[in-house]
Amino acid sequence: MFIVDAHEDIAWSSLTFGRDYTLPAAALRQRESGTEAPFHNGEALLGWADWLLGRVAIAFASLFAAPVRRQAGPWDVLCYRDADEARRLYLQQLDFYHQWAEDHPEKFHLIQGRDDLEQVLLGWEQEDVRRHRLGLVLMMEGAEALRAVEEIEEWAAQGVRIVAPCWAGTRYAGGTGEPGPLTDDGRALLAAMADLGLILDLTHMDEEAALQALDRYPGAVIASHTNPAALGYSTYPNRHLSDHAIRRLAEHDGVLGIVPYNRFLREGWRRGDARLPLDAVVAHVDYVCQLVGDAAHVGLGSDFDGGFGLDCIPAGLDSIADLRLIGEALMACGFRQTDVEAVLGGNWLRLLRKALPET
Ligand SMILES: [Zn+2]
């Protein structure tokens, strides 16, 4: 058994806070104690030892920067004013992952095709932990780094396999806090992505745009780190997906990754409040299962270290090593073993096996 986590902002967090994720999360916390990083991004949840202990075989690793109009403070350094700046920041993160995999081939492996995927999984089937590596599937979160739609080809050639057209609104579609439909550029981007066989990520897309995208995208569609809107969180009313959109995603054989972030799990939860019980995550997973009629279209997309840390995740989880405890909580609530395995990783694997190019 291993886990697939559909969203980790590894490069963003490494470059913003200088975190060295080859260290364990506990070491990063120690290093950062007394600094500003835990205040802005919470205490670290990711780290090599933690991925290893938690049997996290694959993470969808983001390239992410924000537009300056959404800059959270002077510490939030990876922000762009225009497409040229966005491109520079996203390229820096692309380089980060390539360099990381090159510097630590025994730890990290870029998954560009099915061969890479099976190689990484084969390693996890060995008892020897030295064979266990974290497979990284690169995703572009927010497509403003594309100065022109055709440039997507360049990014695909460099290993990007998943594209989320939005974070905030972009010229491609309405996004979180900035509603709106798919634009002409958005339609052109989807067509180019489909030609390249890329996976479309609806996360951060406004519902209207997400439904339009579901109508027209012929390839694989996911919502890598999105919760059911019906269960709360209205700070940005369009951050999560409606029942209708989730059903449509499931009809497309897509998968939705639940974020175990207290603010997304319960309406009104604020940083500083008591951490929620793990059952809050179970409730979101179960909700999607009931809604679509099976356990085949929901997984996990932790979003760990992408803006929050230890104090903002459910009690009982201490780091990425503990995602498996969500499986135990599901079992305790009556989920069958096969369904738990599907939720923890099987559903994402099915999708990757179908959507990734052969090599
Ligand atoms: Zn995100």
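**Entry 1: the zinc site**

I began with the spacing of the zinc donors along the chain, which reads E-x62-H-x20-H. The model I am working from is predicted. Next I looked up the donor atoms. Glu-141 gives OE, while His-204 and His-225 each give NE2. The distances to the zinc ion run from 2.0 to 2.2 Å. Then I placed two of the donors. Glu-141 sits in strand 6 (residues 134-141), and His-204 sits in the loop between strand 10 (199-201) and helix 9 (207-216). The pair therefore ties together parts that are 63 residues apart in sequence. Are Glu-141 and His-204 buried or exposed? I find both of them buried.

**Entry 2: cysteines**

How many disulfides does a search of the whole structure find? I got 0. I checked Cys-312, which is in no disulfide. Its nearest cysteine sulfur belongs to Cys-79 and is 20 Å away. Cys-312 counts as buried, because its relative accessibility is 3%. Cys-333 is partly exposed, at a relative accessible area of 45%.

**Entry 3: salt bridges**

I have 24 salt bridges in the structure. I followed Glu-178 to begin with. Glu-178 pairs with Arg-69, and the closest N and O atoms are 2.7 Å apart. Glu-178 lies in strand 9 (residues 178-182), whereas Arg-69 lies in the loop between strand 3 (66-67) and strand 4 (79-80). This pair thus ties together parts that are 109 residues apart in sequence. Glu-178 is partly exposed at 22% relative accessibility, and Arg-69 is exposed at 52%.

Glu-178 also forms a salt bridge with Arg-70, with 3.3 Å between the closest N and O atoms. Arg-70 is in the loop between strand 3 and strand 4, so its pairing with Glu-178 ties together parts that are 108 residues apart in sequence. Arg-70 counts as buried, with 18% relative accessibility.

I then took Lys-354 and Asp-253. Their side chains meet in a salt bridge at 2.8 Å, N to O. What does this pair tie together? Lys-354 is in helix 14 and Asp-253 is in the loop between helix 10 and strand 12, so the answer is parts that are 101 residues apart in sequence. Lys-354 is exposed, at 56%. Asp-253 is partly exposed, at 24%.

I also noted a network of salt bridges. It links Asp-84, Arg-87, Arg-147, Glu-151 and Glu-154.

**Entry 4: strand 12 and its neighbours**

I looked at both faces of strand 12 (residues 255-258), and both are covered. Val-255 and Gly-257 are buried on one side, Leu-256 and Ile-258 on the other. Strand 12 runs parallel to strand 11 (residues 221-223), joined by 2 bridges. Here Ile-222 stands opposite Val-255. Strand 12 also runs parallel to strand 13, joined by 3 bridges. There Leu-256 stands opposite Val-298. I traced strand 11, helix 10 (residues 243-251) and strand 12 as a right-handed β-α-β unit.

**Entry 5: helix 13**

Which residues of helix 13 (residues 323-332) are buried? I list Leu-323, Leu-325, Ile-326, Gly-327, Ala-329 and Leu-330. What do these buried residues pack against? I find strand 1 (3-8), helix 12 (279-292), strand 13 (298-300) and helix 14 (337-355). Gly-334 follows helix 13, and its phi is positive, near 100 degrees.

Methods: Residues are numbered from 1 along each chain as its sequence is written. This is a predicted model: local features need pLDDT of at least 70, side-chain atom pairs count only at pLDDT 80 or more; totals for chains, interfaces and linings use all residues. Side-chain values use heavy atoms; hydrogens and water are left out. Buried means under 20% relative accessible area, exposed over 50%, partly exposed in between (1.4 Å probe, protein chains only). Helices (H or I, at least four residues) and strands (E, at least two) are DSSP runs, numbered from the N terminus. Contact means heavy atoms within 4.5 Å. Two strands pair if DSSP finds at least two bridges between them. A crossover is right-handed if, with the strands pointing away from the viewer, the path from the first strand over the helix to the second runs clockwise. Donors are N, O and S atoms within 2.8 Å of the metal (3.2 Å for Na, K and Ca); water is not among the atoms, so sites may look incomplete. A disulfide is a pair of cysteine sulfur atoms within 2.5 Å. A salt bridge is a side-chain nitrogen of Lys or Arg within 4 Å of a carboxyl oxygen of Asp or Glu.
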